[in-house]
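Please open the model in your viewer and keep the selection tool at hand.

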Amino acid sequence: MADQHAQSHEENRPTEIPAIRWDEPPEGPVLVLLDQTRLPAEEVELVCTDAPALVEAIRTLAVRGAPLLGIAGAYGVALAAARGFEVDDAADALASARPTAVNLSHGVRRAQAAHRAALVAGGDQKQAAEAALAAARALHKEDAEASARMAEHGLALLDELLPGGNHRILTHCNTGALVSGGEGTAFAVALAAHRAGRLRRLWVDETRPLLQGARLTAYEAARSGMAYTLLTDNAAGSLFSAGEVDAVLIGADRIAADGSVANKVGSYPLAVLARYHHVPFIVVAPVTTVDPDTLDGASIEVEQRAGHEVTELTAPQVPVAGAEAGGGIPVAPLGTQAYNPAFDVTPPELVTAIVTEEGAVSPVTTEALAELCARSRRV
Ligand code: MRU
């Protein structure tokens, strides 16, 4: 079950409410999410008391973004265990709530393994639930640390590629504190450049159809005090051709073993533009987003979402008079079919570098990524 509370804003914080937190009120443990479908209009908490509510929150994008999906999935397993539900069923439902971001199943399986190991070691249900929660908390903390290290490595790479600072960075979708235990991935690098006085402007793609750029990245950029400008996705080409983009920084939902990068639909066209205009195209993601079991881009499952996200202008959760299936304002003739992949795949040869908490990989090759994953597992 899910419940909602509203809270007030405060300046100079990414949001007043953390993207995710575990709480233990007298009625029993809950997972509290900042409902991202309601931003930027209001900061509203969504309180999940069981795994099905969290699955629904994941599907509707109340909680979203690869690293945060991993953290949410791990807490979801802990929630099922703490509330006495069947843990393996909950884990399967959570892991398959969305298919593309590998972090989701990674987080779920990590908490599930901790739960199982505690039982195998002779622990009772309470101890096993505590083990699952400890695994979720550890992942949450590690993600915050990884975020800080990605920001450091990313800024160092920007300074190397673009000496002199004064960077004009183009970004797509949303990759800040809203998707992370820390300050995010690509956005964390832009934030580090801003704090160092080396960001001239952040160009923010609106990111159709669900407007993660306009609703969420612009919100985070405004609250952090950086100079930013919003553009329609279609305007990126003219911005490149005017020489206004020094680098592209994006996140990733899954990076295949060969370095192919799945990220929010519209990332691949940016990579093509960047190559044509000789602009670095940089992907920032934690090592947990690299999936050695997915060999190449063609093997990445790309989520296909409902057509109404395209045929309607969606004001999430706000009922609109005369609304169609998704509750939004119809903009296409009734019955129009829509093509609505949530992600696209950029081949490794178009990626200048992949920045992780373990450092940057450039050029992006199967061997360099395998070495990075091996190094990360040794630590
Ligand atoms: O559909 P979403 O909003 O979950 O898509 C999110 C993205 O594509 C992000 O760019 C990606 O998860 C990287 S977040 C660090």
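Helices (H or I, at least four residues) and strands (E, at least two) are DSSP runs, numbered from the N terminus. This is a predicted model, in which local features need pLDDT of at least 70 and side-chain atom pairs count only at pLDDT 80 or more, while totals for chains, interfaces and linings use all residues. Residues are numbered from 1 along each chain as its sequence is written.

**The whole protein**

Begin with everything displayed. The protein contains eleven helices and 17 strands. Along the principal axes, its C-alpha atoms fill a box of roughly 60 × 55 × 40 Å. The radius of gyration is taken over C-alpha atoms, and the globule rule is 2.2 Å times the number of residues to the power 0.38. For 379 residues, a compact globule would have a radius near 21 Å, and the value of 20 Å for the protein agrees with this.

A residue is buried if 20 or more other C-beta atoms lie within 10 Å of its own, exposed if 12 or fewer, and partly exposed in between, with C-beta atoms placed from the backbone. Buried residues account for 52% of the 379 residues. Two residues are in contact if their C-beta atoms, placed from the backbone, lie within 7 Å. Of the contacts between residues at least 6 apart in sequence, 73% join residues at least 24 apart.

**Asp-253**

Select Asp-253 next. UniProt, in an unreviewed entry, lists Asp-253 under "active site". UniProt positions are given in the numbering used here, feature names are shortened, and annotations may be inferred rather than shown by experiment. Asp-253 sits in the loop between β8 (247-250) and β9 (254-256). Because 30 other C-beta atoms lie within 10 Å, Asp-253 is buried. Show its contacts: leaving out residues up to four places away in sequence, Asp-253 touches Ala-66, Thr-100, Ala-101, Ala-262, Asn-263 and Phe-343.

**The annotated binding site**

Select Arg-64, Gly-65, Ala-66, Arg-98, Gln-212, Asn-263 and Lys-264, where the unreviewed UniProt entry places the feature "binding site".

- Ala-66 belongs to helix α2. It counts as buried, with 29 C-beta neighbours inside 10 Å. Residues up to four places away in sequence aside, Ala-66 touches Ala-101, Asn-103, Val-179, Gly-251, Ala-252, Asp-253 and Thr-289.
- Arg-98 is in the loop between α3 (87-95) and α4 (102-120). It has 23 C-beta neighbours inside 10 Å and therefore counts as buried. Apart from neighbours within four places in sequence, Arg-98 is in contact with Ile-58, Arg-59, Leu-69, Leu-104 and Glu-303.

**Helices α1 and α2**

Two packed helices are described by the angle between their axes and the distance between the axes. Select helix α1 (residues 51-59) and helix α2 (residues 66-82), whose axes come within 9 Å and cross at roughly 165°. That angle makes α1 roughly antiparallel to α2. Axes here are lines fitted to C-alpha atoms, for helices over the stretch in contact, and angles run from 0 to 180 degrees between N-to-C directions. Angles under 35 degrees count as roughly parallel, over 145 as roughly antiparallel, 65 to 115 as roughly perpendicular and the rest as oblique.

**Backbone details**

Display the backbone around two prolines. Leu-39 and Pro-40 are joined by a cis peptide bond with omega about 5°, and Pro-40 lies in the loop between β3 (30-34) and β4 (43-48). Ser-362 and Pro-363 are also joined by a cis peptide bond, with omega about 0°; Pro-363 is in the loop between β17 (359-361) and α11 (366-378).

Then select Cys-173, a residue other than glycine with a positive phi near 65°. Cys-173 occupies the loop between β5 (167-171) and α6 (186-195) and is buried, with 28 C-beta neighbours inside 10 Å. Thr-207, likewise not a glycine, has a positive phi of about 70°. Thr-207 lies in the loop between β6 (199-205) and α7 (212-224).

**Ala-221**

Finish at Ala-221, in helix α7. Ala-221 is buried, having 26 other C-beta atoms within 10 Å. Beyond its neighbours within four places in sequence, Ala-221 is in contact with Leu-202, Val-204, Met-226 and Tyr-228.
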